Amino acid sequence: MKPSLEQIAQELASRDNFLVMTHMRPDADALGSQLGVGLALEALGKKVTYWSSDTIPDKFFYLPHVDKIISLEGIIETAFDCVVSIDCASFERLGKARHFIKNFRKEPKQSPEPFCINIDHHESNTKFGDINYIDTSSPASGQIAYELLMTAGWIVTKEIATSLYAAISTDTGSFQYSNTTPKTMRVAADLIEKGINVGEINRQIYESFPLRRLLLFKEVFNTVEFIDDGKIGYIQITEKMYADTGAKPEDNENFIDSIRSVESVIVAALFEEEPEGKIRISLRSKDSKIINVNTIAGKFGGGGHPAAAGARPDGKLPEITDAVIAEIRRTLQK
């Protein structure tokens, strides 16, 4: 049985020392939700440690108190009452952080054993927590976080509202995607009423990119391919492109949306070389009734949503690209 938000709130209120974390290569929904819940817990007098498997990209420094999020392995010496995972679809996606939970559970000397609460909106969530609150109808984990705070009766400060608004705005494509619901708009309105600076938040999210991103964009879009009468479009990013332009992996955010926006495209894909022989796959479906990219991603060890999903298999860029594109073509031909 799916737990209620009231149960989640009660569990959180009954504990004192928290580790709050999210998926590796965090986006605004991940960080905004993590900060929103963590700051609310701090306001209750709880001790909160914020942890990320990866260093926080510069572009998220506008989020209030994002500097609280650390990526130091030293916190493994700390005993937590509760681990809160938010916006992470699987245990593996926690990155290095997952080893902390494993170590806590394996070492009896570290007591009490942390209780893991898993809060997420991904259809592919593997329900790895002791309590799993998975709401696939929510367009963003930030919206679930907001509903949790409202249910608990906790104060939503301007700083918390800023983080949650950024989370919801980005995962709905600035309220353009089909996952935007009437409830989403009401939540956004309430967050605006908390006094947030909508214009400044949007400028930071959508109009504040480093020059290196444009240089990378130029290189990447020389690789663009459209096949099957333009129904499938894809791009590739190599490690050499990053070296040549000085760009960072976070600079490719939303590149795939430029492919998806082409009128004929039903499925857009991005393939990116990562260190240690991994290939990052990002998939977008313009119509998930025609093709569910969560299913495609699942065949390569990943997951996500029907309209947006990804995976990180081992392999070489050409081979992984060919295999994924072949699977997309087979699915479209059914």
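Strand S1 (residues 17-21) and strand S2 (residues 47-51) of this predicted model run parallel and are joined by 5 bridges. Two strands count as paired if DSSP finds at least two bridges between them. Helices (H or I, at least four residues) and strands (E, at least two) are DSSP runs, numbered from the N terminus. Residue numbers start from 1 along each chain as its sequence is written. Local features need pLDDT of at least 70, side-chain atom pairs count only at pLDDT 80 or more, totals for chains, interfaces and linings use all residues, and side-chain values use heavy atoms, with hydrogens and water left out.

The S1-S2 pair belongs to an open sheet of 6 strands with parallel pairing, in the order S3-S2-S1-S4-S5-S6. Strand S3 (69-70) and strand S6 (131-134) are at the edges; each has a single partner strand, so one side of each lacks a neighbour in the sheet. Helix H2 (residues 28-43) packs on this sheet. H2 touches S1, S2, S3 and strand S4 (82-86), where contact means heavy atoms within 4.5 Å. The direction of H2 makes about 165° with that of S2. Axes are lines fitted to C-alpha atoms, for helices over the stretch in contact, and angles run from 0 to 180 degrees between N-to-C directions. Helix H4 (residues 141-152) also packs on the sheet, touching S4, strand S5 (115-120) and S6. Its direction is at about 120° to that of S5.

H4 also meets helix H5 (residues 158-171): the two axes come within 8 Å and cross at roughly 145°. H4 contributes Gly-142, Gln-143, Ala-145, Tyr-146 and Leu-149 to the contact. H5 contributes Ile-160, Leu-164, Ala-167 and Ile-168. By class, the contact has 7 nonpolar, 2 polar and no charged residues. Ala, Val, Leu, Ile, Met, Phe, Trp, Tyr, Cys and Pro count as nonpolar, Asp, Glu, Lys and Arg as charged, and the others, Gly among them, as polar.

Another open sheet has 6 strands in the order S7-S8-S9-S10-S12-S11, with mixed pairing. Strand S7 (225-227) and strand S11 (303-304) form its edges, each with a single partner strand, so one side of each has no neighbour in the sheet. Strand S9 (residues 267-273) pairs with strand S10 (residues 279-285) in the antiparallel sense over 7 bridges. Ala-269 has Leu-283 of S10 as its bridge partner. Helix H12 (residues 317-333) packs on the sheet and touches S7, strand S8 (232-237), S9 and S10. The direction of H12 makes about 165° with that of S8.

Mean pLDDT (the predictor's confidence in each residue, from 0 to 100) is 92 for the chain, and 93% of residues reach 70 or more. Over residues 106-111, pLDDT stays under 50.
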